[in-house]
Every structure is written in C-alpha cells, then in structure tokens.
Amino acid sequence: MATRVHTEPQAFGKVMSAVQPRLAVGYHSVQSPENNAAITDGIRKTYNGPLALARDLMVINLTKDTIKVRVAVVDDYVLPPDVTEAYKKAPRTDEKSPSDKVLAGKWDGYKPPPMPDK
C-alpha cells in the first residue's frame, strides 16, 4: 500500500530537482536509521540540493537569508500547573451527560447509555 500511495524517493528527488527549493523536506515516512538511509539514497539519485527528512520535534527556522534545521528539546517529565482557586471553587454537579453538540452528531433515535452508579 505505501509504495502505491506515497511518492517514491526518486520521484520526490526529480520533483525537487525541477523546483530547486532552498530546502527540500521529505516527510511522512517510517523513522529508522536504515529507512532514512534508503530514502536519502533514493532521493540523491535524482536530487543533489539541500535536503532534510522531517521527524517528530523537528523545527525549521526560516529567514530571508538562512534556513536552520534543529530538533526541539523538551522536558519528558512535565507536570501540570497547580490547580487554581477559581477551578477549586467552580460549581459542579454529579450529573453527567453528553453535550448538545455531541448529541446532535448522533444517529436518529440514539440515546446514550445510562451512567453507572457510584
């Protein structure tokens, strides 16, 4: 399926050779060192310009004069912010039901199942 729906690396390279972008960015591929090497090798058969294969957390900083490709650094252990007093004091009810918008998208005659008792 993937080879019939996605662009082959050589075809991508051919298009990039015609377009001559400041940076060609390939994306939506299975990430592994072996796969990225095979994709790059295929692209390089038909394109020799600037190239990046996108991956999660990749950041591309673009200015009129430069393009910088980097990977964002994130904290893997981020805690949520403290709960505010306004949230603690907000009115609440034990009654639970889907919103009108959710119910409007349901099939005719659909009724949500009853919520289980505590």
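Guide: Start with the rings. Rings of Phe, Tyr and Trp, the last by its six-membered ring, pair if their centres lie within 6.5 Å. By this rule, the count is zero aromatic pairs. Keep in mind that this is a predicted model. A ring does take part in another kind of arrangement: the charged end of Arg92 sits over the ring of Tyr87, 4.3 Å from its centre.

Now the part for a close look: helix α3. Helix α3 covers residues 33–44, twelve in number. From first C-alpha to last, α3 reaches 16 Å, close to the 16 Å expected at 1.5 Å a residue. Its buried residues are Asn36, Ile39, Gly42 and Ile43. Down the axis of α3, these buried residues fall within an arc of 130°, so they line one face of the helix. An α-helix has 3.6 residues a turn, so residues three or four places apart point the same way. On the other side of α3, Pro33, Glu34 and Asp41 are exposed.

What do the buried residues of α3 pack against? They pack against α2 (9–19) and β2 (51–53).

Next, a residue of that partner helix. Met16 lies in α2. Its relative accessibility is 13%, and buried means under 20%, so Met16 counts as buried. Leaving aside residues up to four places away in sequence, Met16 touches Pro21, Ala24 and Tyr47. Met16 and Tyr47 are 31 residues apart along the chain, yet their C-alpha atoms are separated by 6.5 Å.

Conventions. Residues numbered from 1 in each chain as written. Predicted model: local features only at pLDDT ≥ 70, side-chain atom pairs only at ≥ 80, totals over all residues. Heavy atoms only, no water. Helix = DSSP H or I, 4+ residues; strand = E, 2+ residues; numbered from the N terminus. Expected span 1.5 Å × (residues − 1). Buried < 20%, exposed > 50% of the residue type's maximum accessible area, 1.4 Å probe, protein only. Arc of directions from axis to C-beta. Contact = heavy atoms within 4.5 Å. Phe/Tyr/Trp six-rings, centres within 6.5 Å; stacked < 30°, edge-to-face > 60°. Lys NZ or Arg CZ within 6 Å of the ring centre and 35° of its normal.
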